Each structure stands twice: as C-alpha cells, then as structure tokens.
Amino acid sequence: SEIGPPEEYSDFSHSWQTSIGIARQIRSDMAVEIDYVSNRNRDEKIIQENINLTFDPATGLNYPFSDRSRRPQPNWGTVSTVPHTGRSNYHGLQTAFTKRLSNRWQASASYLLSQLKNADGLPLSGLRQVTFAVAPDLGNEYTLAETDQRHRLVFNGIWQVGYGFQVSGLYFYGSGERIETIYDVDVRDLGVDGLTGSPRARPNGTIVPRNDLERKPVHRVDVRLQQRIPLVGRASVDGILEVFNLFNRKNFQNYVTDEASPRFGQPTTTTNLAFTPFALQLGFRLTF
C-alpha cells in the first residue's frame, strides 16, 4: 500500500540558483560566453518503498521486516510513501562560441563541465524520520547522482556552398552518465526487491556503491545535404538528404544495473532515436 507523507515531510521543493558569467564580442559576427551555474535543491521528493520498519540505533540497520513485532504497524504489510527529504547540488561551467551567418557559413560550439551530487535523506520509520545515522544503503548517503555527466560538447555548422547547395552538420559528445546500481536480493529483509526498491546490500556484508555504473561515452555525427532547384517564378524545390549517426557509432542508453545478474554492466536495446545506429532519409520541400 501507499500513503502520503506526514505534513512535516511534505514541504515544497525549493532551490537556490546562482550564475555569473561574461560575454565578449570578438568581431561583428563572432562572440564567446562563459558562465558558472550553481543549483542547490532542498526538500526534493524521493521514494521510500517501505516505511513500516524500525531501526536499531546501535547498528544503524533495520530490524527484519519479517519480525512483525518490530513493525510500527504490526498488522500492515509494506507501506510506501514519497517524503520530500532529498537534497542535491549542481555545479556547471558553461562555455559557448557563436559565429553568425556571414561569408556563406555559420557555426556554434558549446562545452559543459558539470557535477551533480545528491542524497535521499534519512529514512522514515512509521510516520517519523529516524534521528540517528543508518547504514549508507538505507539513506542519507551523499554521492554523485544518477544522470551525473562530467563533459558535454556540441558543435554544429552550416555552409552555403553555392548554386543552391547547402551542407550542414552536428557533432555531439557526452561522457558517461551515472546509473543507479542495485543487488536484487533483499538481504536486509526490507520487504522490497529490485522491482519495488533499490536494495544494495550484498550477502557478504558489503554494499554496492551508490550510482556506481557509468554509461559508455556517446559520440554522434549527423549530416544534412540540401540542393535548391529553381522552378518557375518564385517557386523552387529542395531535395534533402539526411544521415544520422554517420559513422554508425554504437551508443547505448540502457544497461543491466543488477549486480546479481551475470549480465551486470552490459548494454541492452533501446528505441530512443538519439541512440539509434546509422540511418538515412530522403525528402523534398516545395516553395512557392
């Protein structure tokens, strides 16, 4: 079952945002920009899959869920809720170069160096949050967050070759993003599993590091060729050839994140167009 969190753990999420930067015009058609951005989020919504647990202050571990006498509500089963007890901190250095259209070409490039860290907050025991430290996998562990990505680079340009022919392209690079990792066995007897929670305790007593898996970097080159053919008067037709992932780079979005699986860390299929293999499409556009 699921219930709403108590009022004191239901505050609206809020953040402190800071940015400072400089922009400089190099020439009449070129400019550069550098910005530092910081975002501190508090009272973020998290998911606690079972609050019908009590914890031992001496060890920081939960009492087994199978021991009904230790549950805050002995006659209830698993109870989940979404308290606003999370926090995160983001820091980013954003740089950009822009060349506006002149002399038949234009281009822009951007680079982002960033870091995102977060924590889920201490767990709730019944309707109250525990007031002592718990094991790292049970809450309040502050680490690099899921989706943290250190580097991101994007370049795109357009060249008006002449005689109605145009070439344009885009290059994207993203370093590996962090992914949540689990051990899909309820070793601590939390009353959850990998389908309903994120257990990380191993049978040998160690803990799977938080968000420890990292996607492989993404490289992608897209190219567009366009030829304009005049017809009668103001009418014209454009023939368009677009190639996506020109070099057929193997980019993956999804991975096996269960350390108990023999395929842990291996990529899986995805239907997201941003990660598809080489693709080509033809089109035309009529203007009149």
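Which residue takes a positive phi in the hairpin of β5 and β6? In this predicted model, the residue is asparagine 103, whose phi is near 50°. The hairpin has 2 residues between its strands.

Strand β5 covers residues 84–102 and strand β6 covers residues 105–119; the two run antiparallel and are joined by 14 bridges. Within this pairing, alanine 96 is found opposite serine 110 of β6.

Strand β6 also pairs with other strands. With strand β10, formed by residues 151–162, β6 makes an antiparallel pairing over 9 bridges. Here alanine 107 has glycine 157 in β10 as its bridge partner. A further antiparallel pairing, over 2 bridges, links β6 to strand β9, which consists of residues 143–144. In that pairing, lysine 117 has leucine 144 of β9 as its bridge partner.

Strand β9 also holds threonine 143. Is this residue buried or exposed? Threonine 143 has a relative accessible area of 15%, and it counts as buried because the limit for that class is under 20%. Its side chain makes a polar contact with the side chain of arginine 210, at 2.8 Å. Setting aside neighbours within four places in sequence, the residues in contact with threonine 143 are Leu116, Lys117, Asn118, Arg210 and Asn211. Lys117, one of these contacts, is the residue that has leucine 144 as its bridge partner in β9.

Another hairpin is formed by β1 and β2, with 2 residues between them. Strand β1 spans residues 14–27 and strand β2 spans residues 30–45, and their antiparallel pairing extends over 13 bridges.

In soluble globular proteins, nonpolar side chains tend to be buried together. The largest nonpolar core of this model contains 10 residues. Its members are Leu53, Phe55, Phe65, Leu122, Val130, Val134, Ala135, Leu138, Leu190 and Val192.

When residues up to four places away in sequence are not counted, leucine 138 touches Phe55, Gly60, Leu61, Asn62, Pro123, Arg188 and Leu190.

Notes
Residues are numbered from 1 along each chain as its sequence is written. This is a predicted model: local features need pLDDT of at least 70, side-chain atom pairs count only at pLDDT 80 or more; totals for chains, interfaces and linings use all residues. Side-chain values use heavy atoms; hydrogens and water are left out. Two strands pair if DSSP finds at least two bridges between them. Helices (H or I, at least four residues) and strands (E, at least two) are DSSP runs, numbered from the N terminus. A nonpolar core is a set of buried Ala, Val, Leu, Ile, Met, Phe, Trp, Tyr and Cys residues joined through side-chain atoms within 4.5 Å. Buried means under 20% relative accessible area, exposed over 50%, partly exposed in between (1.4 Å probe, protein chains only). Contact means heavy atoms within 4.5 Å. A polar contact is a pair of N or O atoms within 3.5 Å; within protein, one must be able to donate a hydrogen and the other to accept it, and residues adjacent in sequence count only if both atoms are side-chain atoms.
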